[in-house]
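Trainee: Can we go through the ring contacts in this model? I'd like the cut-offs as we go.
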Amino acid sequence: MLSAIQATQAYTELLEALRTGQALSGGLGLPRAARLPVVSALHGDLGAPVLLVTDRTDRALTLVDELGFWLPSTARSLFPAPNPMFYEQAVWGTVTRRDRLSVLTALAAYHLPGSPKPKQPPLIVTPVRALMARTLPRRDFLKATRTIKPGQTLPIDPLLRSWADLGYQGADIVLEPGQFSHRGGIVDIWTPAEPYPARLDFFGDEIDTLRCFDPATQRTIQPLDALIVTPAREVLPGKAEEKGIPAQDAQEYLLPLIHPAPASLLDYLPRGTLVVVDDLDVLQSHVTEIEEQAVTAREESIRESSLPADFPIPYFGWSELAEMLAGQQMVDLGYTAAPDEGSPLAQLFSPGPRFGGHLKQFIDFLQERQTAGDRQVVVSRQISRLKELWREKRSSEEAPDFREGTLSDGWLLTCEDGKRVDLLTDSEIFGWERPQPRLRRQPTAEAPEAAYADLKPGDWVVHVDHGVGRYTGLVSRTLEGLTREFLCVEYDGGDQLYVPIHQADRLTRYIGPDGSPPSPTRLGTVEWATVKSKVNAAVEEVARDLLELYARRQVAQGVAFPQDTVWQQELEASFPYVETDDQRQAIQEVKRDMEAVRPMDRLLCGDVGYGK
């Protein structure tokens, strides 16, 4: 489909104008459904970074998701807006920090001397409020960035202090971007733009090896030739201390105080970047609305004395944004100052017909347009059903291009030779709206201390080998010249057991049948072995009863429901929400049980919501 757009004269003229740096007068007036394929084609043909600016965050998420259909092998990045509103003294989210810094790092690579440029030019989508928010000045970002390589001599303590000045947080073990840890000659750090943390093995003050590793298993993934350490925050604690602000108080809402030089994402764009605006008039209206809200919030905060009257403005207004955008190579996809009939490129697109679920009419339309020589692409969540209908009615004809996917809308593209390319989606076929993309939960590694972190001195615990005792806390003991930490458990008679923290999984919290405190076990006796023996005998008796019960259930005959038909799949696909991973797993397991002859034995629990 992109090749059909690229072959048109109107697109060729637009591409040539952009390559030669010509200023475009007015917007292109493209229908919304045609904007992403045009942006995707321009990104591939120009071979330059593209920044796509839209009005709201939900629209930005949809654009990022749908770009995956048009450019499946191209990395797309979201530059999100800060979580708090302007003047709201709240902490930015971890994911927001990471995503914003990943984009700044990718763009900064074009300005760092000797730094390798990205293999693919970045394609960035951002809501306009993210563009309004002030960020770390590019000069400060580049000055703070360091490249680390094996063989370098770097004293560890000054290195760790410099990372703390860049916003990295010290931790016992690195679990998420923006953290570092130090254990003897091993130093770990997870920079925001990297998918995995890096491990520096020191021999004295010299970096012996450098590698990235899996934080969940702590196993090496691959060695690294170099590591670029960038700021972990858009406000640098080191700069804050220079301004007399304690490092722990250096939150992002203080950015205009700590970094007075105003800067935005646009300052990071390299030469040749194409800025694509979803609709300039809509952007201006949305920025004006945000400005009005920010002015009201500022006045209320000053009146409540929670904000000094001379606090600098933490955002760019529309006049400033418009001036900055005017200095970029920009394309407006919308209708701002566009001709009434639209640009020559927009005139090639027209909306597709609507069938409202009347599939016979839809199949007849495909047959009619195929006879006329159109190229047809059908993108749907109901591809198997639509293919079946096509085979039933038009088995002798060449099938349209059926593709599994989800797009907001389709279009009809008229080429110069009079032929058409018809893109038809669920919106045209069934009248369904596109499901909103869901932000997936990021998997995180579990800290080693999670096994005992919730234990408090005085809690009753059970050691698998020594029985019930009272946890008294963490203690340090020196053995053979090495100081280590142990979990101390006190037993009957005051005897104490020191459990190494790497064996913490052998301790569990005591859970009694009625909540009353237990009797502690005496160390060095057979008491605990006797208790375990009795418990084992009781467990074996229960196990025999369960085996007998489930043996009877195994031979019992129930109702085996047939596997889902395409009609069932069509009904499920009409669900207007994206299921979570847990919901999808529960659905599959329940269906598998229902299709078996053995009666289902399952309890499904969950919070009330659309998924149930």
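Mentor: Start with arginine 129, which lies over the face of phenylalanine 86 at 5.7 Å from the ring centre. A charge sits over a ring if NZ of Lys or CZ of Arg is within 6 Å of the ring centre and within 35 degrees of the ring normal. This is a predicted model: local features need pLDDT of at least 70, side-chain atom pairs count only at pLDDT 80 or more, and totals for chains, interfaces and linings use all residues. Residues are numbered from 1 along each chain as its sequence is written, and side-chain values use heavy atoms, with hydrogens and water left out.

Trainee: What sits over the ring of phenylalanine 213?

Mentor: The charged end of arginine 199, 4.0 Å from the ring centre.

Trainee: And how many aromatic pairs are there?

Mentor: The count is 11 aromatic pairs, where rings of Phe, Tyr and Trp (its six-membered ring) pair if their centres lie within 6.5 Å; planes under 30 degrees apart count as stacked, over 60 as edge-to-face and the rest as tilted. Phenylalanine 349 and tryptophan 411 are edge-to-face, because their ring centres are 5.3 Å apart and their planes at 85°.

Trainee: Is phenylalanine 349 buried or exposed?

Mentor: Phenylalanine 349 is buried, at 8% relative accessibility, and tryptophan 411 is buried at 1%. Buried means under 20% relative accessible area, exposed over 50%, partly exposed in between (1.4 Å probe, protein chains only).

Trainee: Which residues form a cluster with that pair?

Mentor: Phe69 and Trp70 form one aromatic cluster with Phe349 and Trp411.

Trainee: Switching to cysteines: how many disulfides?

Mentor: A search of the whole structure finds 0 disulfides, taken as pairs of cysteine sulfur atoms within 2.5 Å. Cysteine 488 is buried at 2% relative accessible area.
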